[in-house]
Amino acid sequence: MRKKSTYKKNWSADPVFNSIAVTRFINNLMIGGGKATAQKIFYQAMDEIKKQTDENPFKVFQSALKNVAPNLEVWGRRVGGASYLIPRVVRPERRFSCAVKWIVKAVVNKKGKPSYIKLADELIAASKNEGGAVKKKEDVHKQADMNRAFAHFAWWGRKKR
C-alpha cells in the first residue's frame, strides 16, 4: 500500500515583519483558536525585546530560532526483538517546528509573569544560547551522541531498490 501523498502548506506572511516564520510561530503560540490573543502576545513580546536589548527584535527572534533548532535527534527502531534509539539528522522543516515548539513549551512552563514578558525573556535567552529551549536542544543532542553506536541500524532491514 502506498503512502498518502503529502502536501506543502502555503503560509502567508505576517503583516508587521512580513515573515512566514513569524506566522508559523504565532500559530504554534495560540491555544484553542485564540489567534488574535497569540498575535497580541507575540507583538508585545517584540516590543519588550526592543525595550530590553535596544536591538532589532526580529533579528533576536531569528537568532533564537537558529540557536534552538536541533541538528540531530533519536528515533526508536525495533531490530531483532530489541528497541534501539537511532540518531538521525533532522530535516529543515522539522528543525523549525521543533525549535518553535520547544520555545513555546519553555514559555508555558514559566510561572509568575505575563505571557509576553515570559516570551520576550525566553527569546532573548535563546538568542544568547541560554534558557529552557536551548537546554532541551542540548539534551536531545546528548541523547543522540550517547546512542551514536547504534547509527548503523538506521539502514538495517531496508529493501534495496
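**Helix packing and the nonpolar core**

Helices H1 and H2 are oblique to each other (angles under 35 degrees count as roughly parallel, over 145 as roughly antiparallel, 65 to 115 as roughly perpendicular, and the rest as oblique). The model is predicted, so local features need pLDDT of at least 70 and side-chain atom pairs count only at pLDDT 80 or more, while totals for chains, interfaces and linings use all residues. Residues are numbered from 1 along each chain as its sequence is written, and side-chain values use heavy atoms, with hydrogens and water left out.

The axes of H1 and H2 cross at roughly 120° and come within 8 Å; axes are lines fitted to C-alpha atoms, for helices over the stretch in contact, and angles run from 0 to 180 degrees between N-to-C directions. On the H1 side, the contact is made by Val22, Phe25, Ile26, Asn27 and Leu29, and on the H2 side by Lys35, Ala38, Gln39, Ile41, Phe42 and Tyr43, contact meaning heavy atoms within 4.5 Å. Eight of the residues in the contact of H1 with H2 are nonpolar, two are polar and one is charged. In this classification, Ala, Val, Leu, Ile, Met, Phe, Trp, Tyr, Cys and Pro are nonpolar, Asp, Glu, Lys and Arg are charged, and the others, Gly among them, are polar.

The protein chain contains six helices and two strands, both taken as DSSP runs numbered from the N terminus (helices: H or I, at least four residues; strands: E, at least two). Along the sequence, these elements are arranged in the pattern α-α-α-β-β-α-α-α. The C-alpha atoms fill a box of roughly 55 × 35 × 25 Å along the principal axes. Of the 161 residues in the protein chain, 36% count as buried (under 20% relative accessible area; exposed is over 50% and partly exposed lies in between, with a 1.4 Å probe and protein chains only). Among contacts between residues at least 6 apart in sequence, 61% join residues at least 24 apart.

Two further helix pairs involve H5. Helix H4 (residues 92-109) packs on helix H5 (residues 115-127) at an angle of about 130°, with the axes 9 Å apart. The arrangement of H4 is therefore oblique to H5, and the crossing of these helices is right-handed. Ile103, Ala106 and Val107 of H4 make the contact with Ser115, Lys118, Leu119, Glu122 and Leu123 of H5. By class, the residues of the contact of H4 with H5 comprise five nonpolar, one polar and two charged. For H3 and H5, the packing angle is about 65° and the axes are 7 Å apart, and the crossing is left-handed. Here Val60, Phe61, Ser63, Ala64, Asn67 and Val68 of H3 meet Leu123, Ile124, Ala126 and Ser127 of H5. The contact of H3 with H5 has seven nonpolar and three polar residues but no charged ones.

The largest nonpolar core has 33 residues; such a core is a set of buried Ala, Val, Leu, Ile, Met, Phe, Trp, Tyr and Cys residues joined through side-chain atoms within 4.5 Å. Phe25, Phe42, Phe61, Val68, Ile103, Leu119 and Leu123 have the most contacts inside this core. Two or more residues each come from H1 (20-29), H2 (35-53), H3 (57-68), H4, H5 and H6 (132-146), and H4 gives the most, with eight residues. Beyond the four places on either side of it in sequence, Val68 touches Ala99, Trp102, Ile103, Ala126, Ala133, Val134 and Lys137.

The segment after H6 includes Asn147 and Ala151. Asn147 is buried, with a relative accessible area of 13%, whereas Ala151 is partly exposed at 33% relative accessibility. Neighbours within four places in sequence aside, Asn147 is in contact with Val74, Leu85 and Pro87, and Ala151 with Ile86 and Pro87. The C-alpha atoms of Ala151 and Ile86 are separated by 5.4 Å, although these residues lie 65 residues apart along the chain.

Positive phi values of about 55° occur at two residues that are not glycine, Asn18 and Asp54. Asn18 is found in the segment before H1 and is exposed at 62% relative accessibility. Asp54 lies in the loop between H2 and H3 and is exposed at 64% relative accessibility.

Definitions and conventions. A crossing is left-handed if the near helix is turned anticlockwise from the far one by less than a right angle, and right-handed if clockwise.
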